[in-house]
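Thanks for coming. I'll take a few minutes to walk through one structure, starting with a pair of residues and then moving out to the chain as a whole.

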Amino acid sequence: MKKQMNLKEIISFQRFNIFLLEKKMTRREYPKEISQDEWLKRQNYFLEEQNKRLKIELSESKEYINVLINKLKLYQSKQ
């Protein structure tokens with residue numbers, strides 16, 4: 001059977017929880033040092049993903065430019 005807490009115990013418990021939360025919020029978490037190999041792996045992954053994204057953007061840009069060129073040719077032929 002659990003003991004019921006009196007008002008002083010409840011207040012004390014709440015203050016303790018607030019203290020823990022404040023302590024946790026003010027504590028800074030610094031990144032852990034990683035090896036150069038790990039850093040290079042991460043960098044490589046980032047660059048590969050960026051490369052994929054840029055290739056897609058380039059492809060879409062080329063497609064859009066071709067659409068604009070075709071519209072321009074069509075417009076010029078009508079004049």
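Start with Arg42 and Glu38, which sit four residues apart in helix α2 (residues 36-78), so about one helical turn separates them. Helices here are DSSP runs of H or I with at least four residues, strands are runs of E with at least two, and both are numbered from the N terminus.

Before going further, the ground rules. This is a predicted model, in which local features need pLDDT of at least 70 and side-chain atom pairs count only at pLDDT 80 or more, while totals for chains, interfaces and linings use all residues. Residues are numbered from 1 along each chain as its sequence is written, and side-chain values use heavy atoms, with hydrogens and water left out.

Back to the pair. The side chains of Arg42 and Glu38 form a salt bridge, at 3.1 Å from N to O. The term means a side-chain nitrogen of Lys or Arg within 4 Å of a carboxyl oxygen of Asp or Glu. In general, side chains of opposite charge can pair when their charged atoms come close. Arg42 is partly exposed at 49% relative accessibility, and Glu38 is partly exposed at 30%. On this scale, buried is under 20% relative accessible area, exposed is over 50%, and partly exposed lies in between, using a 1.4 Å probe and protein chains only.

How many salt bridges does the whole structure have? The search finds three. Another joins Lys52 and Glu49, at 3.3 Å from N to O. Lys52 and Glu49 are three residues apart in helix α2, again about one helical turn. Glu49 is partly exposed, at 32%.

Then there is Glu57 with Arg53, whose closest N and O atoms are 3.1 Å apart. Both lie in helix α2, four residues apart, or about one turn. Glu57 has 37% relative accessibility and Arg53 has 42%, so each counts as partly exposed.

Now to the other helix. Phe19 is in helix α1 (residues 7-26), and is partly exposed at 47%. Phe16, Phe19 and Leu20 make a nonpolar surface patch of about 300 Å². Patches take residues with over 30% relative accessible area and no salt bridge, joining like charges within 9 Å and nonpolar side chains (Val, Leu, Ile, Met, Phe, Trp, Tyr) within 5 Å.

Last, the whole chain. It has two helices and zero strands. Of its 79 residues, 0% are buried. Its accessible surface is about 8,800 Å², 58% of that belonging to carbon and sulfur atoms. These areas come from the Shrake-Rupley method with a 1.4 Å probe; for residues, only the protein chains shown count as cover.
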